[in-house]
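Subject: Structure handover

Hello,

Please find the structure below. Notes on what was found in it follow.

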Amino acid sequence: MRAKKPEMAKAGASGVRGGAGDHDRYFVAVLPPGVIAQEVERIQQIFADHFASGGALRSPPHITLQPPFEWPAAEREWLEDCLLNFADNQPRFAVALSGFAAFPPRVIYIDVVANAALEALQISLAERFERVLGVVERSRSRGYVPHMTVAFRDLTRENFARAWPQFKDRPLSIEFAVHHLTLLMHGGARWQVCKEFALQP
């Protein structure tokens with residue numbers, strides 16, 4: 001990896017670097033394979049249709065690793081190089097999804113079974129982003145809770161009270177292999193896949 005540029009030494013807590021120029025908004029995540037993504041989107045659509053919560057549909061189904069941050073548009077190659085070098089040294093692993101959980105009173109999500117490999121990956125990525133890119137995430141102090149959102153913060157308290165009893169005990173069990181990390185970029189109305197970075201075979 002190239003040496004850190006001197007001007008990258010400082011960044012805001014939200015990951016916004018100083019200096020002039022246009023910035024794009026990104027986040028890094030694990031995305032499930034197509035068939036599983038379709039099933040998650042079907043559940044998200046239920047919340048959009050019956051509980052007026054369509055926010056989760058504005059991005060592909062995912063497990064967040066690095067929350068949204070801003071980065072200079074002219075320096076996207078530097079960001080991609082960092083992720084390429086990072087992913088190339090990380091082993092593949094499996095993720096299991098089991099049932100539903102919530103961040104009351106707004107968010108409902110598919111729960112991710114405790115996974116040492118996933119948690120270690122997230123910690124290493126956060127440390128690499130802070131050290132190499134100067135992207136600092138304030139929420140690190142709250143701990144990492146991997147999840148796959150199906151009802152976003154646009155779910156009202158009233159609709160949460162209606163929806164949660166229907167989903168809290170609903171069975172769901174899915175497992176998939178993680179072969180790459182994904183960089184997503186905000187494209188206006190929704191988040192779009194920008195680039196994938198393969199993990200070690």
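**Whole chain**

Residues 24 or more positions apart account for 80% of the contacts (heavy atoms within 4.5 Å) in the protein chain with a separation of 6 or more. This is a predicted model, where local features need pLDDT of at least 70 and side-chain atom pairs count only at pLDDT 80 or more, while totals for chains, interfaces and linings use all residues. Residues are numbered from 1 along each chain as its sequence is written, and side-chain values use heavy atoms, with hydrogens and water left out.

The protein chain has four helices and eight strands, taken as DSSP runs numbered from the N terminus (helices H or I, at least four residues; strands E, at least two). Their order from the N terminus is β-α-β-α-β-β-α-β-α-β-β-β. Of the 201 residues, 43% are buried, that is, under 20% relative accessible area with a 1.4 Å probe, protein chains only.

**Helices α2 and α3**

Helix α2 (residues 76-87) and helix α3 (residues 116-133) have axes that come within 11 Å and cross at roughly 140°. The axes are lines fitted to C-alpha atoms over the stretch in contact, with angles from 0 to 180 degrees between N-to-C directions. The pair is therefore oblique, the class left after under 35 degrees (roughly parallel), over 145 (roughly antiparallel) and 65 to 115 (roughly perpendicular).

On the α2 side, Trp78, Leu79, Cys82, Leu83, Asn85 and Phe86 meet Leu121, Ser124, Leu125, Arg128, Phe129, Val132 and Leu133 of α3. By class, this contact has 10 nonpolar, two polar and one charged residues.

Regards

Notes
Ala, Val, Leu, Ile, Met, Phe, Trp, Tyr, Cys and Pro count as nonpolar, Asp, Glu, Lys and Arg as charged, and the others, Gly among them, as polar. Buried means under 20% relative accessible area, exposed over 50%, partly exposed in between (1.4 Å probe, protein chains only).
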